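Colleague: I would like to learn how to read the features of a structure. Please give me the general idea each time, and then the case at hand.

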Amino acid sequence: MTAIILNGRPHTAAEDATVVDLVAETVGRALGPDGAPRDGGRLGVAVAVDAAVVPRSRWARTPVAEGQAVEIITAVQGG
C-alpha cells in the first residue's frame with residue numbers, strides 16, 4: 001500500500017494506483033483509461049499532484065507515489 005495525502009487527508013492507495021484510479025474511487029464511478037466516465041455522463045473534475053495539474057489525458061499514465069499530495073476538485077454548479 002502507498003500512503004498519500006488525498007484532498008488534505010491521509011489516504012492509503014494500492015501500490016500500482018494511478019490518478020485515474022483515485023478519481024474513480026473519489027467520485028464513485030467507473031472511468032475508462034481516458035478518464036471519461038463509462039456511463040457516458042460528464043465528470044467535471046480537475047486533478048493536481050504535488051500542486052501540478054495533471055491533464056485528463058495523462059491520468060491513467062500518472063502513478064501515485066508514496067508521500068505525494070493529490071487534490072481532486074469537483075466542479076459544483078451554482079453561485
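Modeller: Start with exposure: a residue is buried under 20% relative accessible area, exposed over 50%, and partly exposed in between (1.4 Å probe, protein chains only). Ala 51, with a relative accessible area of 80%, is therefore exposed. Before going on, note that this is a predicted model, in which local features need pLDDT of at least 70 and side-chain atom pairs count only at pLDDT 80 or more, while totals for chains, interfaces and linings use all residues. Residues are numbered from 1 along each chain as its sequence is written, and side-chain values use heavy atoms, with hydrogens and water left out.

Colleague: Where does Ala 51 lie?

Modeller: Places are given by helices (H or I, at least four residues) and strands (E, at least two), which are DSSP runs numbered from the N terminus. Ala 51 lies in the loop between β3 and β4. Its phi is near 70 degrees, a positive value in a residue other than glycine. Asp 50 is also found in the loop between β3 and β4, and Asp 50 has a positive phi of about 50 degrees although it is not a glycine. Asp 50 is partly exposed, because its relative accessible area is 46%.

Colleague: Which residues of the largest nonpolar core touch the most other members?

Modeller: A nonpolar core is a set of buried Ala, Val, Leu, Ile, Met, Phe, Trp, Tyr and Cys residues joined through side-chain atoms within 4.5 Å. The largest one here has 18 residues, and those that touch the most other members are Val 23, Val 47, Trp 59, Val 70 and Ile 72. Two or more residues of this core come from each of β1 (2-6), α1, β3 (45-49) and β5 (69-74). The most come from α1, which gives 4 residues.

Colleague: Is Val 70 buried or exposed?

Modeller: Val 70 is buried, because its relative accessible area is 1%. Val 70 is found in strand β5.

Colleague: How many salt bridges does the count come to?

Modeller: Side chains of opposite charge can pair when their charged atoms come close. A salt bridge is a side-chain nitrogen of Lys or Arg within 4 Å of a carboxyl oxygen of Asp or Glu. By this rule the count comes to 1 salt bridge. That bridge joins the side chains of Asp 39 and Arg 29, with 2.8 Å from N to O. Asp 39 and Arg 29 are each in the loop between α1 and β3, 10 residues apart. Asp 39 is exposed because its relative accessibility is 56%, whereas Arg 29 is partly exposed at 23%.

Colleague: Which residues form the negative surface patch?

Modeller: Patch residues have over 30% relative accessible area and no salt bridge; like charges are joined within 9 Å, and nonpolar side chains (Val, Leu, Ile, Met, Phe, Trp, Tyr) within 5 Å. Asp and Glu count as negative, Lys and Arg as positive, and His and the chain ends are not counted. The negative patch here consists of Glu 15, Asp 16, Asp 21, Glu 25 and Glu 66. One of these residues, Asp 16, is found in the loop between β2 (9-13) and α1 (19-27). Asp 16 counts as exposed because its relative accessibility is 63%.

Technical notes:
Accessible areas come from the Shrake-Rupley method with a 1.4 Å probe; for residues, only the protein chains shown count as cover. The place of a charge is taken as NZ of Lys, CZ of Arg, CG of Asp or CD of Glu.
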